[in-house]
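Student: Could we go through this model together, setting each value against the definition behind it?

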Amino acid sequence: MKILFYDTKSYDQKSFETTRNAYPEIEIEYLKSDLEPRTAALADGFDAVCAFVSSDVGTQTLEILHTKGVKLILLRSAGYNNVDMDTAHKYDIRVMRVPGYSPEAVAEHAMALALACNRRLYKAYNKVRENDFSLSGLMGFNLYQKTAGIIGTGKIGAAMCRICHGFGMKVIAYDVYENESLKDFVEYVSLEKVLAESDLISLHCPLMDSTYHMIQLDTIKQMKDGVILINTSRGALVKTEDLIEGIRMHKFAGVGLDVYEEETDNVFEDRSDEILEHSTTARLLSFPNVMITSHQGFFTREALQAIAETTLQNAMDYMSGKKSPNDVD
Ligand code: NAI
């Protein structure tokens with residue numbers, strides 16, 4: 001089986017090549033370009049393409065892949081909101097993903113952002129490097145005995161609940177389905193109650209029509225003053241313009257984002273003044289209590305290895321015609 005691997009970074013190639021030794025049936029060609037309508041035709045002659053969260057697997061891309069005979073999209077990510085599933089079904093293109101490669105990797109990063117925002121670690125780091133050992137502007141609050149509000153308690157949200165519980169926090173959560181394994185230490189409440197009572201709110205639900213812009217002015221106004229908001233899920237769960245308004249209203253002690261709405265627009269690759277002037281992400285970065293990382297929640301050794309193993313096993317399941325829990329339906 002021949003796979004064309006898009007948007008290859010050196011660490012991807014390393015983890016996939018190491019893992020591929022156990023799969024002699026699979027050949028992989030690595031491309032630096034990401035998958036989008038302009039690059040889809042390069043998959044001519046390949047059985048499958050391997051894509052990532054930044055890939056544009058929309059209608060046009062799928063139409064081109066279909067004409068080139070591609071039958072399988074291997075997503076090396078959990079989220080699949082970048083795939084037009086109606087078009088994939090129409091052309092009988094199977095889409096497989098890696099649903100839970102390392103929930104702890106993302107949850108630990110969510111807590112790292114919360115701690116860094118709360119204790120102003122980015123500011124402290126810079127101050128000390130400038131020989132300024134004063135504590136002004138660095139005061140945070142204890143997480144111990146405060147309330148963590150977790151929105152979405154699937155694999156990553158559950159790991160975040162366990163971490164917050166370990167910090168001695170009261171953990172409340174909102175999800176459309178309750179996770180039985182958390183019942184001993186998590187209290188399920190309404191979304192309104194999570195918003196109103198939490199000192200730390202962390203988002204762990206997928207991006208869907210029902211969750212798009214779930215954090216906007218109305219929901220922000222329901223939050224406690226001085227709350228810390230963390231988003232490691234998908235940028236569009238938060239309406240950025242409204243978040244900026246909330247920050248201006250001094251609603252937040254800190255905001256930590258690993259994902260942001262403009263992620264796929266290459267805002268920071270094309271650094272023209274005009275683009276940056278209109279970029280909501282650049283505006284967010286101008287606030288001293290906002291910390292943004294570049295979608296690195298998943299980025300640990302263990303997670304990369306698990307991604308490679310599951311993706312190649314997905315390819316094997318496709319070849320043997322097996323149905324898989326990793327199929328996106
Ligand atoms: P999961 O599928 O295990 O859990 C998602 C949970 O959200 C489920 O329990 C579901 O019932 C819940 N949910 C669905 N609709 C909801 C709603 N309207 N309100 C509240 N909860 C709702 O997914 P997992 O593995 O925990 O991943 C969560 C998200 O994290 C992914 O969808 C992805 O967007 C993001 N992610 C981010 C990464 C990063 O590097 N920053 C890496 C991997 C995933």
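Tutor: The largest nonpolar core has 27 residues, and those with the most contacts inside it are Ile3, Phe16, Ile26, Ile28, Leu74 and Tyr101. This is a predicted model, in which local features need pLDDT of at least 70 and side-chain atom pairs count only at pLDDT 80 or more, while totals for chains, interfaces and linings use all residues. Residues are numbered from 1 along each chain as its sequence is written, and side-chain values use heavy atoms, with hydrogens and water left out.

Student: What makes a set of residues a nonpolar core, and which elements give two or more residues to this one?

Tutor: The term stands for buried Ala, Val, Leu, Ile, Met, Phe, Trp, Tyr and Cys residues joined through side-chain atoms within 4.5 Å. Here β1 (2-5), β2 (27-30), β3 (48-51), β4 (72-75) and α12 (301-319) each give two or more residues, with helices (H or I, at least four residues) and strands (E, at least two) taken as DSSP runs numbered from the N terminus. The largest share, eight residues, comes from α12.

Student: Why is Phe5 called buried, and why is Phe16?

Tutor: Buried means under 20% relative accessible area, exposed over 50%, and partly exposed in between (1.4 Å probe, protein chains only). Phe5 has 0% relative accessibility and therefore counts as buried; Phe16, at 2%, counts as buried too.

Student: What makes Lys2 a charge over the ring of Phe46?

Tutor: The definition asks for NZ of Lys or CZ of Arg within 6 Å of the ring centre and within 35 degrees of the ring normal. The charged end of Lys2 sits over the Phe46 ring, 4.9 Å from its centre.

Student: Why are β2 and β5 said to stand at the edges of the sheet?

Tutor: Two strands pair if DSSP finds at least two bridges between them, and the open sheet of five strands has the order β2-β1-β3-β4-β5, with parallel pairing. β2 and β5 (94-96) each have a single partner strand, so one side of each is left without a neighbour in the sheet.

Student: How do you know that β4 and β5 pair?

Tutor: They share three bridges in the parallel sense, and the definition asks for at least two.
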